[in-house]
Amino acid sequence: LGRAMIQIVPFEPEHADAMDVQIAQRMTPEERQQAMGESFGDAWTAMADGEPVACAGLVPVWFGRAYAWALLSERAGAHMVAITRAVRRALDMGEFRRVEMAVRAGFAEGERWARLLGFVLETPDPMRAYMPDGSDAYLYSRVRG
């Protein structure tokens, strides 16, 4: 059995609602609204077999700077190489000089993925009560020369 090819499509909020989001990223609808608001930025969804397995985007903060976000489903694991390549390509081709992302403290897979995407840890001490649920997070950035 081969892995399904992923298809990258424009993000729709319904994609996130349809995913079985991995445990470390699960939020209530209220927490997701608080975290993401109405601005998803330039965002995409990775589809496998017609179902969303990852959603990601870049929200402009100001000229040259953006905030990256991503939600991955429990089914994303089999597609992580392709998803990582697609996200790196979007980051490389993007207009932003600096891209930041927060990773929940203790979420080792998220920290590993941040590094695979070329992000560097900026906060050796966690940012206290940063996440919508009050949990701590670390700030990562990816800066282009």
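The model is a predicted one, in which local features need pLDDT of at least 70 and side-chain atom pairs count only at pLDDT 80 or more, while totals for chains, interfaces and linings use all residues. Residues are numbered from 1 along each chain as its sequence is written, and side-chain values use heavy atoms, with hydrogens and water left out.

The buried residues of α3 are I83, T84, A86, V87 and L91. Seen down the axis of α3, these residues fall within an arc of 165°, so they line one face of the helix; the arc is that of the directions from the helix axis to the C-beta atoms. Helix α3 itself comprises 14 residues, 80-93, and reaches 20 Å from its first C-alpha to its last, close to the 20 Å expected at 1.5 Å a residue, the expected span being 1.5 Å times one less than the number of residues.

|---|---|---|
| α4 | G110, E111, W113, A114 | E109, R112 |

For α4, too, the buried residues fall within an arc of 165° when seen down the axis, so they line one face of the helix. Their cover includes β4, α3, β5 and β7, whereas the buried residues of α3 pack against β1 (6-10), β2 (42-48), β3 (51-62), β5 (98-104), α4 (108-116) and β7 (137-143). After α4 comes G118, whose phi is positive, near 95°.

The protein chain as a whole has 4 helices and 7 strands, which are DSSP runs (H or I of at least four residues for helices, E of at least two for strands) numbered from the N terminus. Buried residues make up 44% of its 145 residues. Of the contacts with a separation of 6 or more, 64% join residues 24 or more positions apart, a contact being heavy atoms within 4.5 Å.

Under the ring rule (centres within 6.5 Å; planes under 30 degrees apart stacked, over 60 edge-to-face, the rest tilted), the count comes to 1 aromatic pair. The rings of F11 and W69 have their centres 5.3 Å apart and their planes at 75°, so the pair is edge-to-face. F11 lies in the loop between β1 and α1 (13-18) and W69 in strand β4, 58 residues apart, and both are buried.

Strand β4 also holds R65, which is buried with a relative accessible area of 18%. R65 lies over the face of W62, at 4.3 Å from the ring centre; a charge counts as sitting over a ring if NZ of Lys or CZ of Arg is within 6 Å of the ring centre and within 35 degrees of the ring normal. Leaving aside neighbours within four places in sequence, R65 is in contact with P60, F96, R98 and E100.

Note on methods: Buried means under 20% relative accessible area, exposed over 50%, partly exposed in between (1.4 Å probe, protein chains only). Rings of Phe, Tyr and Trp (its six-membered ring) pair if their centres lie within 6.5 Å; planes under 30 degrees apart count as stacked, over 60 as edge-to-face and the rest as tilted.
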